[in-house]
Amino acid sequence: LTQKGRVYSRRMEDRTSLTALIPELNHELNLLPKGTFVLGEFVFVRKDGKEMVRKVATVIRVDDANEAFERYTQLKKEGYFLFKIFDILFYKNKFVGNLGYRDRYALLQELKVDTPEIIEDWKKTENAAMADKWEGFVLRNELNSVITFTTNGKADRAGGYKYKFTK
């Protein structure tokens, strides 16, 4: 497998060597043109369809790439992995974080990467999401949705608010 880009954690820790052997991640990264910086989440889905975000941590929060791949291989017996790309900061070396979220989302759609759906009326989905034990939603204000990052990886999401069901 060839990994075209670099992978960083939300704390800007380089995780490229730990993720280089994971096909689902590489597939999505290889769809991206050079000079593109995306934000995403690596998700494990059990065979019954339940997402298990914490299971991913057992794979990528180790120091050895072989150990990470061994853990990945073991988990694959219980389900599958997805890499969901939910935002884009640079596109072909051009900063696009100043665009509105719908414009950035449209760019992702053009790239044909795996993106989560936009839920227009989250209140209608809230009860089902809580029953399915979702972590929560990210709510966006369409009129103010630019995004920037500090050097430690902390997002400054103007117009983006986390609404969590779990602690």
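Phe-90 comes out as partly exposed because its relative accessibility is 32%, and Phe-95, at 33%, counts as partly exposed too. Here, buried means under 20% relative accessible area and exposed means over 50%, with partly exposed in between (1.4 Å probe, protein chains only). The model is a predicted one, so local features need pLDDT of at least 70 and side-chain atom pairs count only at pLDDT 80 or more, while totals for chains, interfaces and linings use all residues. Residues are numbered from 1 along each chain as its sequence is written, and side-chain values use heavy atoms, with hydrogens and water left out.

Strands are DSSP runs (E, at least two residues) numbered from the N terminus, and two of them pair if DSSP finds at least two bridges between them. Strand 2 (residues 79-91) runs antiparallel to strand 1 (residues 37-46), with ten bridges joining them; Phe-42 has Phe-83 in strand 2 as its bridge partner. Strand 2 is also joined to strand 3 (residues 94-95), again antiparallel, by two bridges. Phe-90 finds its bridge partner in strand 3, namely Phe-95. The hairpin of strand 2 and strand 3 has two residues between the strands, and Lys-92 takes a positive phi near 50° there.

As for the rings, six aromatic pairs turn up in the structure. The pair of Phe-90 and Phe-95 is edge-to-face, because the ring centres are 5.5 Å apart and the planes sit at 65°. Rings of Phe, Tyr and Trp (its six-membered ring) pair if their centres lie within 6.5 Å; planes under 30 degrees apart count as stacked, over 60 as edge-to-face and the rest as tilted. Elsewhere, ring pairs link Phe-42, Phe-44, Phe-69, Tyr-72 and Phe-81 into a cluster.

Conventions:
Helix = DSSP H or I, 4+ residues; strand = E, 2+ residues; numbered from the N terminus.
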